[in-house]
Amino acid sequence: MNILERLDADQNWSEEETMLIDSVRQFATEVIAPNAAHYDKTSEFPWENINKINELGLNAMFIPEEYGGSPMSYSSYLACVRIISEACASTGIIWATNFHAIKPLIEFGNEEQKQRLLPRIAEGGLASLVITEPTAGSDATGMKTTFRPDGDDIIVNGGKIFISNGDVADIYVVFGKWTEIPGDKESISCLILEKGTPGFTVTGTEDKMGTRGSGTASLSFDHCRIPRANLLCEPGDGLRILLASLNKSRPSVAAHALGIARAAFTDAVSYMNERRQSGKRLLEFQGLQFNLADLASELVLIESWLWRVAKMVDNNADNIGIEASILKMRASDLAMRMATDAVQFHGGYGYCKDYRVERLMRDAKITQIWEGTNQIHRQLIGRSFLKKEKR
Ligand SMILES: Cc1cc2nc3c(=O)[nH]c(=O)nc-3n(C[C@H](O)[C@H](O)[C@H](O)COP(=O)(O)OP(=O)(O)OC[C@H]3O[C@@H](n4cnc5c(N)ncnc54)[C@H](O)[C@@H]3O)c2cc1C
């Protein structure tokens, strides 16, 4: 066993978790990985992969039992995200986005909302988390979408961009500003919009650098009438819901990034053991050994931190914001560096699409940008040490 295999073997999964992880690994190897280049090239949505994910009932692992789910630990969810993303980063984003989007409903929805909406996701529905707007990226409080109360309904007007699963979702968890509440932060509210709502349109999808099989959509809301029963918590509770949800989705983005990093590492090691120059295999050159040693060490350390943060979530730890920021930032920086170095180790071949590392380098980039750019995470981590000034 190499060090990464020993780290995996250390996880002490239960029998049920081992069975699940093994079946996801088998499906990822046999079905997802062989088609990843096709979905990258064509930008087609990988329905075959999603249908298979639903045959395995994977959405059910993050839905409570009373709403049609079959819940498993958060750690095992992260293990599945990593395995699926290692095989195809686009499929990883699509499935992980389901989790990111539905978590606010699980944590903050009332009984009636959960009974009505969660079984649809447990059975294989798709969900979107809808925050970003042209004027509101890193600073979500700049959003302009409005929620105007109108009797038993809420009228939604505005538009969103860069929404993962936005072109295919059944349920949209949308953030906007309550018109009757002043203040950029205080007014943010959250509601559920269902597919087919009159006035709701998908206005386009992005032609992206990487994760090309995953749709990233622009959405428009033109006087969408939403029943007030679809409001999560109370008007003005949106920012609280948003911040709490990010603590669960950022480790998931890290698992996605680590899947890409693992794939790049595997390809690099394999190529460096095969390719010969000057009568030696590449990995016999000390300069490349040093380079690979740094990458392997960082991978092991960041994966160890992944499992630590995962356990904190499983143990319902209170405040994991900074731990999650460190994990997301370091895992995504590593994914980018690992994929870039893997291309370099492949020389000219790495620059050509015949080798997977070319795609991995493009796929890795998004992990540094979404769910808070890494500049924002550095700011959050640094700021956490700022002492209060005595006045
Ligand atoms: C493929 C893809 C999928 C996405 N999926 C979703 C989704 O499902 N739902 C959703 O709501 N959004 C989604 N997003 C949006 C994503 O979260 C935003 O793109 C991201 O938060 C950055 O916002 P921005 O693009 O407006 O960049 P900006 O906020 O304009 O930032 C531009 C640059 O300035 C830097 N910057 C900004 N503010 C600061 C600061 N205070 N200090 C230092 N540097 C700063 C940033 O780090 C960045 O480098 C997705 C985006 C992409 C590309």
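Trainee: Which residue just after α2 takes a positive phi?
Mentor: In this predicted model, local features need pLDDT of at least 70, side-chain atom pairs count only at pLDDT 80 or more, and totals for chains, interfaces and linings use all residues. Numbering runs from 1 along each chain as its sequence is written. Helices here are DSSP runs of H or I with at least four residues, strands are E runs of at least two, and both are numbered from the N terminus. Just past α2, a positive phi of about 60° belongs to Ser 43.

Trainee: Where does α2 bend?
Mentor: Helix α2 covers residues 15-42. The bend is the angle between axes fitted to the seven residues ending at a residue and the seven starting there. For α2 it comes to about 40°, at Ala 36.

Trainee: Which elements do the buried residues of α2 pack against?
Mentor: Buried means that 20 or more other C-beta atoms, placed from the backbone, lie within 10 Å of the residue's own. Among those in α2 are Leu 20, Phe 27 and Ala 36. Their packing partners are α3 (47-55), α4 (74-87), α5 (89-108) and α10 (356-365).

Trainee: Which element gives the most to the side of domain 1 that touches domain 2?
Mentor: Contact means C-beta atoms, placed from the backbone, within 7 Å, and 26 residues of domain 1 meet 20 of domain 2 that way. The elements giving two or more residues to the domain 1 side are α2, α5 and α6 (111-122). With 13 residues, the top contributor is α5.

Note on methods
The expected span of a helix is 1.5 Å times one less than its number of residues. A residue is buried if 20 or more other C-beta atoms lie within 10 Å of its own, exposed if 12 or fewer, and partly exposed in between; C-beta atoms are placed from the backbone. Two residues are in contact if their C-beta atoms, placed from the backbone, lie within 7 Å.
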